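Here's a quick briefing to read with the model open beside you.

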Amino acid sequence: MALTPRVTLNRLDVAELELDELETHLGGAGVPKFHGRQVFQWIYRRGVTDFEAMTDLGRELRSQLSRDLVVATPELVGRETSTDGTTKLLLRLADGHRIESVFIPDTPSQTFCLSTQVGCAMKCAFCLTGKMGIVRNLTAGEIVGQVRVLLRELGMLGDRFNIVLMGMGEPLHNYDATMKALRILADDHGLAVSPRRITLSTVGVLPALERLATEPFMPNLAISLHSTTEDQRDLLVPINRKYGLKELLDACRRFPLKRRERITFEYVMLNEVNDTPEDARRLVRLLHGIKGKVNLLPLNEAAGIPFERPSDARVNRFAEILAQHGVTVSVRRSRGRDIRAACGQLITESTRNAAPGRQLAQLMAGTAPTR
Ligand code: SAH
């Protein structure tokens, strides 16, 4: 019987490295810097993760790299395509946890919606991912790995795409890995995704938002506002109890924006909860003096979510009031609802399995997950 070499456990994962970190590592092993750039090009531009297939590297170097390094990639375990072309991938991470990533075509751009955590700690009252609780942060390599899998699976290597950090998780609750992922994505020798094509969506973790304001590398910002009063936002977006609406909007006012850049304010619309004409007028007043625009998200309903989606008439009335007061407003057309790939609908199977009833049934059937 062949023994699996133990060294696989000790190989350094290139997926977790920025180019300069890879170069430094190679340098320590006596390998010239420019080979790092070649490796980056193979991994990100050509989708090759097997060093033996990197044919412009010498044979000895290829074996050396295969011995020392690995490029870990999330494993595709499920794929669903909506009638509208939206495709949701279910990915398994090295430790068995699962996340979802979504491709949204023709918006008019091609957009990848990435997860930044397994689950989410924010517990927004209308979001299914929040029901999972937080399992763990994703690493930078796992965040970028979603892009590599999407490009491969959709046959999009070499195509242009946008990224929204609007999948599972709160990106500013996993700051370091998220920012590192953005730097890896931006590298000219790799995918060269400019920060202008990336949108980070956040509930407003204030210290992290202040830190983001100082980054040299800044994505577009979307704020999940969802409410116009402190009391109501406390209930809908619980982190508001720690970092309130007023402080959040003050931070937005100070947020450094270049010419023509604007902050997007996302506003999930919950029937007869936050969708009245008074709410719309309060929103106009709150946003006064901020370079922003509003994106209305009529609720994607789901079992276990105790709210309703308002009628189109209510959504339109709300939008009209904003527009009449000079606020730029759009209504997000939900994509992929039939495959539960729309906003707030991402929740992974392992967690669904974790429901006590389901666990008991699995136990009795002898199929309990080992975790
Ligand atoms: N944690 C980040 C990214 C998450 S999702 C954030 O909160 O911004 C992206 C958007 O979808 C957020 O504005 C989120 O509040 C919204 N959303 C969550 N659940 C939803 C639902 N059921 N229907 C519509 N939008 C929802």
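What follows covers the ligand site, the cavity, the pocket and one loop.

This is a predicted model, where local features need pLDDT of at least 70, side-chain atom pairs count only at pLDDT 80 or more, and totals for chains, interfaces and linings use all residues. Residues are numbered from 1 along each chain as its sequence is written, and side-chain values use heavy atoms, with hydrogens and water left out.

**Around the ligand**

- The ligand has 19 residues around it, and Gly169, Ser201, Ser224, His226 and Asn300 come nearest; a residue is near if one of its heavy atoms lies within 4 Å.
- By class, that shell has 9 nonpolar, 8 polar and 2 charged residues. Here Ala, Val, Leu, Ile, Met, Phe, Trp, Tyr, Cys and Pro count as nonpolar, Asp, Glu, Lys and Arg as charged, and the others, Gly among them, as polar.
- Strand 10 (198–202) and strand 12 (263–269) each give the shell at least two residues. Helices (H or I, at least four residues) and strands (E, at least two) are DSSP runs, numbered from the N terminus.

**Atom-level distances**

- The side chain of serine 224 has an N or O atom 2.5 Å from an oxygen of the ligand.
- For glutamate 170, a side-chain N or O atom is 3.2 Å from a ligand nitrogen.
- Threonine 202 uses its backbone instead: an N or O atom there lies 3.3 Å from a ligand oxygen.

**The cavity**

- The count comes to 1 cavity of 30 Å³ or more. On a 1 Å grid over the protein atoms alone, a cavity is a set of points where a 1.4 Å probe fits but cannot get out, while a pocket is an open set with protein on both sides within 12 Å along at least five of seven lines; lining residues have an atom within 4 Å of a point.

- About 1,200 Å³ of space lies in the largest pocket.
- Val164, Met166, Thr199, Asn295 and Arg332 are the closest to its centre among 41 lining residues.
- The pocket lining divides into 17 nonpolar, 14 polar and 10 charged residues.

**One loop to look at**

- Between strand 5 and strand 6, the loop holds proline 108, and the peptide bond from threonine 107 to proline 108 is cis, with omega near 15 degrees.
- Aspartate 106 lies in the loop between strand 5 and strand 6, with a positive phi near 55 degrees.

Terms used: Polar contact = N/O pair within 3.5 Å; in protein donor to acceptor, adjacent residues only side chain to side chain. Points joined across faces, edges and corners; volume = space filled by probe spheres on them.
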